[in-house]
Amino acid sequence: MADSISTAQFIGPVLELSNARPIFEGEGLSYGRYNLTLNAGECALIQCRDKQQAASFTDLCSGLLPVGEGSVRCLGLDWKELEDRRASALRGHIGRIYQGEEWLALYPMQMNILWARLYHTRRKLDSLVKEAVQLSMRLGLPGLPTQLPSRLSSLDLRRAEYVRAFIGHPALMLMEEPVLDEPQELYNAFLGELTSARERGAAIVWISSNPLSWRDYEQGNMQKFRLSDSGLTTLRGM
Amino acid sequence: MTFPDRFLLVQRSLAAFGRVARSQPRFMLIMIGAAWGVVREAIQPVTWRRSVQIEFWRNLRQMTGGGLVSVLVVAVLTGFGIVAQAVYWLGFAGMAQMTGSILSTVLVREIAPVLVGIILLGRSGMLIVTDLGNITLQKQLRVLNGQGIDPFIALLLPRSLAMTVSGFTLGMVFSLIALTMGYFVCWMKNIVTMPIWSFMFQVISSVHPEDYISIPLKFLLSGFAVGLSCCLSGMDITSEDDLTTILPKGFSRGIMSVMAINVALDVIF
């Protein structure tokens, strides 16, 4: 289970791609070598216009896309060397924001949001619900949503998505297009949660097609890349 | 025909034969593998995480509670039709002492598992095919995988096991109601005069010792086969599939599974 892998004592990069080359070129990533090192509290801003490419890259970082040469390590553990159960447990330390169909229409929102925490941890339900309610309220929801996803507006779904990504204090956050055209209050609340997560030691990968989306958050010490057909290239002076 | 042509012909024939040989038992082999996987995972305490437990109980409630009315209706109709008729005609033919034996063999051992399996398939199995089919078609399994949630453990295992328990429960309810209803019909028509306890005792005492294993096994395994085949039909789809193709496929696979389990257990016991 996720709580069996301790993040507190871990010193080293939270995410490390060393000459990682995905096995299949497929429809997403190009067949190149990918290098990225993110320590606790660091943030990588990645510009990518291709939705599929962004999705494949986050899958590569979370060990879902197999790597041929090189390695992808999360909290010091190489995805290639982990058997399925341990790899799943490690993924429990990752908070994700997806593009597209990110909710299971079959389940109510509270299940969608808490599912991973209930699956990976032994935290008491009351404590999980309390955290989810607090997060929901900070992000502009009246409480933890309990309707089916189809009953929520797209804005509330986005809020709920942030709740799901931030709950349980993930060690790594992989965010595909986390900000589109959200209202300023939600944008500010999201950036506030992001800053808190970084202060707790989370490493952030923020992928967006539009660099303006991180305009209020960008700092000089952040790593900036472009993900395209030529791979992951470093950007300077953006 | 030159040697390379002949070689090519043989090669193509063998390839075609291999394709057919591999495609026909493909789903059955997947079923066997998945069944082993469910059993292996189910006995490990770590599998029973809270979300899996929630999913199991939710499905058990839906399958058993939802299927109960259908099972009661079919059981009453079976009691009216099969049990009452069997009791009447056996008495008419002077073979009343065979009543218990025939009812336990025909109704409880043969008909009940098949009917309950079909009710489960129609009432809950098709729902599973639709739900899991939608999740797979809309690529939502990626969301689960991305959160480190194994769809096999989170979706397939609790549904299959809930269907197993549900199959047993509904099978027992069906047998009891059908026998009781048959008794009351005959009692009201004065075909039988013995008390219901004597009637039930007559049926129970004519059950063979091996049937005490085969009957519960049939109920359990019919439910398990329906649950597993529906889950796999929902998840084992291609990009060309949609609900109009996976539902009939899921139904026919479910029916085949119920029949196969019943025939196999009849052969064994």
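These legends describe close-up views of a predicted model.

**View 1. An open sheet of six strands in chain A.** The strands follow the order β6-β7-β8-β3-β9-β10, and their pairing is mixed. β6 (94-97) and β10 (231-234) of chain A are the edge strands, each pairing on one side only. On average, neighbouring strands are turned by 20° against each other, direction ignored.

**View 2. Pairing of β9 and β10 in chain A.** Strand β9 (residues 223-228) of chain A runs antiparallel to β10(A), with four bridges between them. A:F225 stands opposite A:T234, a residue of β10(A).

**View 3. Helices α1 and α6 of chain A against the sheet strands.** Helix α1 (residues 51-61) of chain A touches β3 (43-47), β6, β7 (172-176), β8 (203-208), β9 and β10 of chain A. The direction of α1 makes about 165° with that of β7(A). Helix α6 (residues 184-199) of chain A lies across β3, β6, β7 and β8 of chain A, at about 145° to β8(A).

**View 4. Crossing of α4 and α7 in chain B.** The axes of helix α4 (residues 99-137) and helix α7 (residues 196-205) of chain B come within 7 Å and cross at roughly 65°. The crossing is right-handed. From α4(B), B:T99, B:G100, B:L103 and B:S104 meet B:F199, B:Q202 and B:V203 of α7(B). Three of these contact residues are nonpolar, four are polar and none is charged.

**View 5. Helix α9 of chain B and its buried residues.** Helix α9 (residues 243-268) of chain B has 26 residues, so at 1.5 Å a residue it should span 38 Å; its end C-alpha atoms are 37 Å apart, which agrees. Among its buried residues are B:I246, B:G250, B:R253 and B:L265. The elements covering the buried residues of α9(B) include α2 (26-42), α4 and α8 (211-235) of chain B.

Technical notes. Residues are numbered from 1 along each chain as its sequence is written. Chains are lettered from A and ligands numbered from 1 in the order in which they are written. This is a predicted model: local features need pLDDT of at least 70, side-chain atom pairs count only at pLDDT 80 or more; totals for chains, interfaces and linings use all residues. Side-chain values use heavy atoms; hydrogens and water are left out. Axes are lines fitted to C-alpha atoms, for helices over the stretch in contact, and angles run from 0 to 180 degrees between N-to-C directions. Helices (H or I, at least four residues) and strands (E, at least two) are DSSP runs, numbered from the N terminus. A crossing is left-handed if the near helix is turned anticlockwise from the far one by less than a right angle, and right-handed if clockwise. Contact means heavy atoms within 4.5 Å. Ala, Val, Leu, Ile, Met, Phe, Trp, Tyr, Cys and Pro count as nonpolar, Asp, Glu, Lys and Arg as charged, and the others, Gly among them, as polar. The expected span of a helix is 1.5 Å times one less than its number of residues. Buried means under 20% relative accessible area, exposed over 50%, partly exposed in between (1.4 Å probe, protein chains only). Two strands pair if DSSP finds at least two bridges between them.
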